[in-house]
Amino acid sequence: MVDEILTIFLDGAIYASWLFIVALGLTFVFGVLKILNIAHGGIYALGAYSTATLVPLFYLLGMPEQFVIIAMLFSALAVAIVITPIMERGILRRFYGQDEVLIVLVTYAIYLVLEDVQKLIWGMNSLYVSEPREILGALELGDLYYVGYDLALIGLAVFCGLALWLALNKTKSGKIVLAVIHNPEISGCMGVNVNRVYLSAFFIGAFLAALAGSFTAPLISVQVGISVAVVIESFAVVIIGGLGSIPGAVIGALIIGMARAACVHKLPEAEIFIMYFCMAGMLIFKPKGLFEGSQARKI
Amino acid sequence: MNIFRQCLILISSVLISLLSVVGSVNADNHKGFKLGVVTFLSGPAAEPFGVPAWNGGKLFIELLNAGKAPAPYDKVGFGGMKITAIPIDESGGATKQVQEFRNLVQRDKVDAVLGYVSSGDCMAIPSVADELKALTVLYDCGTPRVFEDASYKYVFRTAAHAAMDNIAIAKYLIEKGHDISSIAGINQNYAWGKDSWKDFSVSIKKLSPSSEVKNELFPKIFSGQYGTEISALMNSKAKVVHSSLWGGDLQSFILQAKPRGLFKRTQVVFSAGDHVMPGLGNKYPEGVILGARGQYGMMAPDTPLNKWFYKAYMDEYGVFPAQPPYRMVQGLMGLKMAVEKAMEKNGGKKPNKDQIATAFTGLEWEAPGGLVQMKLGNGHQAIQPHAIGKTVKGSDGNITVTDIVRYKASCVNPPNGIKAVDWINAGFPGADC
Amino acid sequence: MSQKFYTNIFFQSILLMILLIVVGIFIPNWLVFVMTKAIAYGLVGLGIITLMRGGLVSFGQGLVFGIGGYTAGLLGTQAGLTDAILLLFISFVFTGFLGLIIAPLLARYRDIFFAMLSLAFSMVLYGILIKIDAIGGSDGFVLPESTYFGIEPLAEYADYSLYVVSIIMTGIISIALRYYYNSTPGLIALAVRENELRVEYLGSSAFNVTVLNFTIAAGLGGMGGALNGIALGHIDPEFTYWTTSGEFVFISILAGYLSVPAVFLAALLLELVRSFSGRYFPDTWQLILGVFLILSIIFLPSGIGSFFKKFFDKINKNINK
């Protein structure tokens, strides 16, 4: 019995960590730029693909195994560096100040483009990069076997969440970003380079999306279509947690993660359905999520 | 931006008129045989499944058109008609596939369509095929229900359905004395996965009534992430874990479960486990009991026809042929025999769909995987012999299959007129082993 | 709007319908099929346009698209009802009715929240549908061939019969919609889009208009779903997936909310791209659509419709002279 609860807890935590890393960038970008970035899923896929390309190269060059994590971080960074100027400066910036929903549609168009860009660059084949998964060994907990890598995901999620939260609330630049979140116009009047804040925020969001993809790559077969489910799963997390809220994303990820783990162990038939059920429940009772970002109504 | 608007409208109208003209003036290739080939060319099923199948098909069609295949397939193309193949990607779901099928038949005016890996597509296409009177050969999909739930005039399946895979594995486990006191399953949440699990679990229950089901998991197809499911399976401590996972899902499952020791702690059986062997190579776990959905790949029979095919594929692609190319070639061979048989009857002219359909019904032909007989579904559904084996690491360090047991077609396939699940429930009456 | 305007619209539409029906005789079968599908998608697009006039974009029309399709399918397989006209009509009314029930829940939300809410609802339905094996689960099921007033058409005319029926029914609906758009609630919707608060201060209810628009959109979406299902002869939960909803939004943005025929033209463009993509450009069709969408948002913010509106306005002015 205790065994089972422990398993559900661990499985839930691992899945929740994955969800959190994936959704963090999405909710952050919304919080700062007020853009719901559907292309977030596309950037995730690009992160996975770039890791699947760079890591084998890394091994080929004979680098020591321990530093493969750095290769993965670097591949995520590379994606963010390439994507941010094209997306934010090149396309999205034209639409600032216009209808929120219009920008969402633009991100949807970019999502479509990214789907085909993946196909054009990497072809239709599935890529595998499972080596990094084995470097952290395995953990035996009684009867159960857990791969160290999966557990380390929990650590990564906590690290990302804390790092971002601390950066926002305890550093000077973070407080400037908070000011821009609250009111971009006044911040601009007070001398903040709002455009630069937007660019940096988008970069962080893109980096987090690519990071999620990079660290997921060793777990799956990297192929066309991995972005589709990610879009909807990250949406579910932010709907439950509230758009723009980091603690919200934590709670949202935990709710979905634990619910799903419990279902797989106890009620497998409901497993596919449970995420949408949580979404529906939240929508009926508290449509703006658990921690809604406050928005003053302008007349 | 007036210019842009005007350009847009101009381009749209020109496009529409052009396309309708182009579409209808598509060369009606009367002299040759136009064949639409549908299989997974993108997505999770492409690399382990669709692409090798199309590779096998492509190669075989080339050899046929050059007259280089061995007897009785030595005539050029189909009865002297050169084959033009139009490959179409099977991804996108059943509704999209229905549309692509209609395009092949109505716009490209193909003489026949050969394809379909996914059971979902195989449930959707046949009624459209009969509605459009289009000759259709289902070469791979597994759900027994296609010809059990309905009957069709122009649709044929040239390979045995999945009941065979699961019944044979159940028998193998019993015959080899494995402990089957408790079983669990992880299968995809659609026709193929659900039918596979049902056929397996009911067979086990019939052959060993004291066996109990510990866990039945049905993750979404193409989900690719099985961490939680693997924990649940290990927690259940079932003695046997059954899975009909295939393609990218099977690869992901193996890669995720192996480091966690699933394959060491329980007897895993894969009803369709061989097609990921070329890709995984020595990463494939040992001790797995698997079926290749027929006598294919490493379990293929030692016949001259198989030797020829195995070598031709290996020479061309540098890797051994697993189930997918075997099945596509098997289908092409059947179609060829049917077309040529129809031509004998009608005096050597290009046969029409009705003539080919008549010739195909009840047909039998030799394939690299053994004798194929269209015995079920009133002559529209094939049965074939089967083989089950176990993986082991050879002395050279490569994964190979050993302990192979072969089953006659009539041993593991239901007879005509009875549904697979009913046959299993009744205790396999009339099975000829 | 003057009486002459309404008469003009009526006759222009009838003319267009007759033209399309006649053209349908000469074009190849596959094109008839593509156009029927375009009409189906166009209907859903019209629903989104109706909402867009009120300032809302629904990213979850897959919900009603799926409900309409499954309604038609289930009536066909369970109740033996195969009359296409009846099925389309019942789907329209039933889905519209469901829309009326859900609308108050959604009508309070604006902008991004409305879009996300509608998306979420459609995904909830998706999650339910793939689990219900009785209606095929994730495989869906096959729809029986349709009849028209009891007659089952010959195989070669099946596509054309459905095409004619859909042209006529859609034509009538389009005319009705155009009348609605120029009526009081229709124009209030435009005002709500500009500034909702002021509309409320002037005495109208933005909430009521939104509920009405949502109901209409639901009915249209349901009918489109039924038509799409009948045309294909197959339905599956993919109808409610968010990517399908995205396609409807694509059509609406391309068309803009100013003109009704523009919606069908945009839908036809999408269907043609989709139809040829499988064989000729499987790797780049989404790219093309995406680029098209961005370009039209940048350069043609009111959609193709703005061009149509100018065109028809000119015709009307000349007729009125």
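## Overall size of chain B

The radius of gyration is taken here over C-alpha atoms, and the globule rule is 2.2 Å times the number of residues to the power 0.38. For 433 residues, a compact globule would have a value near 22 Å; chain B has 22 Å, which agrees. The model is predicted.

Along the principal axes, the C-alpha atoms of chain B fill a box of roughly 65 × 65 × 45 Å. The secondary structure of this chain comes to 16 helices and 15 strands.

## Two domains in chain B

Chain B is divided into two domains. Domain 1 covers 29-160 + 302-383, and domain 2 covers 163-295 + 385-425. Their C-alpha centres lie 27 Å apart.

Between the domains, 27 residues of domain 1 of chain B are in contact with 29 residues of domain 2 of chain B. On the domain 1 side, five elements each supply at least two residues: helix 2 (46-65), helix 4 (119-132), helix 5 (145-148), helix 13 (323-345) and strand 12 (370-376). Strand 12 of chain B provides the largest share of that side, four residues. By class, the domain 1 side has 15 nonpolar, eight polar and four charged residues.

## Local backbone features of chain B

Two loops of chain B hold backbone details to check. The peptide bond from Ala71(B) to Pro72(B) is cis, with omega near 0°. Pro72(B) lies in the loop between helix 2 and strand 2 (83-89) of chain B.

Lys109(B) has a phi near 50°, a positive value in a residue other than glycine. Lys109(B) is placed in the loop between helix 3 (94-107) and strand 3 (112-115) of chain B.

## Chain C against chain B

The contact between these chains takes 30 residues from chain C and 34 residues from chain B. Helix 2 (29-52) and helix 11 (260-280) of chain C each supply at least two residues of the chain C side. Helix 11 of chain C gives the most to that side, with six residues. By class, the side of chain C that touches chain B has 17 nonpolar, eight polar and five charged residues.

## Chain C against chain A

Here the contact takes 33 residues from chain C and 31 residues from chain A. On the chain C side, helix 5 (111-129), helix 10 (242-255) and helix 12 (285-299) each supply at least two residues. Helix 5 of chain C gives the most, with 12 residues. The residues of the side of chain C that touches chain A divide into 24 nonpolar, six polar and three charged.

## A helix pair in chain A

Two packed helices are described by the angle between their axes and the distance between the axes. Helix 10 (residues 246-266) and helix 11 (residues 271-285) of chain A pack at an angle of about 150°, with their axes 9 Å apart. Angles over 145 degrees count as roughly antiparallel, so helix 10 of chain A is roughly antiparallel to helix 11 of chain A. The crossing of these two helices is right-handed.

From helix 10 of chain A, the contact is made by Ile255(A), Ile256(A), Ala259(A), Arg260(A), Cys263(A) and Val264(A). Helix 11 of chain A brings Glu271(A), Ile274(A), Met275(A) and Cys278(A). By class, this contact has eight nonpolar, no polar and two charged residues.

Technical notes: Residues numbered from 1 in each chain as written. Chains lettered and ligands numbered in written order. Predicted model: local features only at pLDDT ≥ 70, side-chain atom pairs only at ≥ 80, totals over all residues. Contact = placed C-beta atoms within 7 Å. Nonpolar A, V, L, I, M, F, W, Y, C, P; charged D, E, K, R; others polar. Axes fitted to C-alpha atoms, helices over the stretch in contact; angles between N-to-C directions. Parallel < 35°, antiparallel > 145°, perpendicular 65-115°, else oblique. Left-handed = near helix turned anticlockwise from the far one by under 90°. Domains from an automatic or database assignment.
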